Amino acid sequence: MATADARRRLRERPKGATILLTIVGYALVLGTFLLDVPIYPDLTNAQVNLLSHLIAGINTTATIVLTLGWYWIRNGEVEKHRLAMVSGFVLILGFLVVYLLKVGGGGTKEFVGPDPVYYAYLVMLAIHIILSIVSVPVVLYALILGLTHTPAELRRTAHARVGRIAAAAWILSLFLGVVTYVLLNHVFDYEFAAMLVPVLF
């Protein structure tokens with residue numbers, strides 16, 4: 001009964017639920033960066049590296065799943081699309097847990113490489129971060145609509161329009177995150193630094 005009530009409330013107030021969940025998500029991330037909350041274990045550099053690799057694996061998988069979800073809805077395979085998008089969201093929740101643990105417990109890594117590559121890296125990283133921030137509410141809104149409405153009902157909502165924006169921003173952000181991870185961890189070098197700015201890998 002409680003689940004049905006929660007679903008009804010989400011269905012009736014998707015924008016309110018989106019705003020609430022967005023605020024909670026932003027608060028978790030900003031709290032990790034700005035407050036010295038003693039909930040994270042101290043991590044060694046090796047553990048930070050391991051978590052960086054795990055994050056890249058999660059993001060690569062999420063990129064593939066979301067791209068498949070986009071492909072399936074364009075081909076009318078609604079159930080496959082729904083499963084892919086929900087799976088992508090679950091993967092991103094997993095990413096968020098690992099990411100907060102890594103940053104809260106171990107700090108960040110700074111790119112070391114030639115200036116032209118360094119500036120290209122910074123541009124890609126900036127786009128990745130901005131898209132990951134602005135995509136949160138549109139992803140949540142599209143997801144809430146998709147989970148609380150039937151496919152026929154969704155045609156009368158903004159789900160398709162918002163979903164296109166959400167998926168495009170989400171996929172591009174994840175892709176750039178993986179590219180910057182490869183540059184930082186496998187192509188060029190890095191050095192460990194205390195947590196100063198929100199670097200995602």
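Predicted model: local features only at pLDDT ≥ 70, side-chain atom pairs only at ≥ 80, totals over all residues.

Colleague: OK, and which side chain does Lys 80 meet in a salt bridge?
Modeller: Glu 77, with an N to O distance of 3.0 Å. Side chains of opposite charge can pair when their charged atoms come close.

Colleague: What's the relative accessibility of Glu 77?
Modeller: Glu 77 comes out at 28%, so that one counts as partly exposed.

Colleague: How many salt bridges does the count come to?
Modeller: The count is 1 salt bridge.

Colleague: Switching topic: where does Asn 185 lie?
Modeller: You'll find Asn 185 in helix 7, which covers residues 159-187.

Colleague: Buried or exposed, that Asn 185?
Modeller: Buried, because its relative accessible area is 13% and the cut-off for buried is under 20%.

Colleague: Which residues does Asn 185 touch, leaving out those up to four places away in sequence?
Modeller: Asn 49, Ser 52, His 53, Lys 109 and Tyr 190. With Lys 109 there's also a side-chain to side-chain polar contact of 2.4 Å.

Colleague: Last one, Thr 67. Which helix is Thr 67 in?
Modeller: Helix 3, residues 45-74. Thr 67 is partly exposed, with 39% relative accessibility.

Colleague: And how far apart are Thr 67 and Ala 160 in space?
Modeller: C-alpha to C-alpha, Thr 67 and Ala 160 are 15 Å apart, with a sequence separation of 93 residues.

Note on methods. Residues numbered from 1 in each chain as written. Heavy atoms only, no water. Helix = DSSP H or I, 4+ residues; strand = E, 2+ residues; numbered from the N terminus. Buried < 20%, exposed > 50% of the residue type's maximum accessible area, 1.4 Å probe, protein only. Polar contact = N/O pair within 3.5 Å; in protein donor to acceptor, adjacent residues only side chain to side chain. Contact = heavy atoms within 4.5 Å. Salt bridge = Lys/Arg side-chain N within 4 Å of Asp/Glu carboxyl O.
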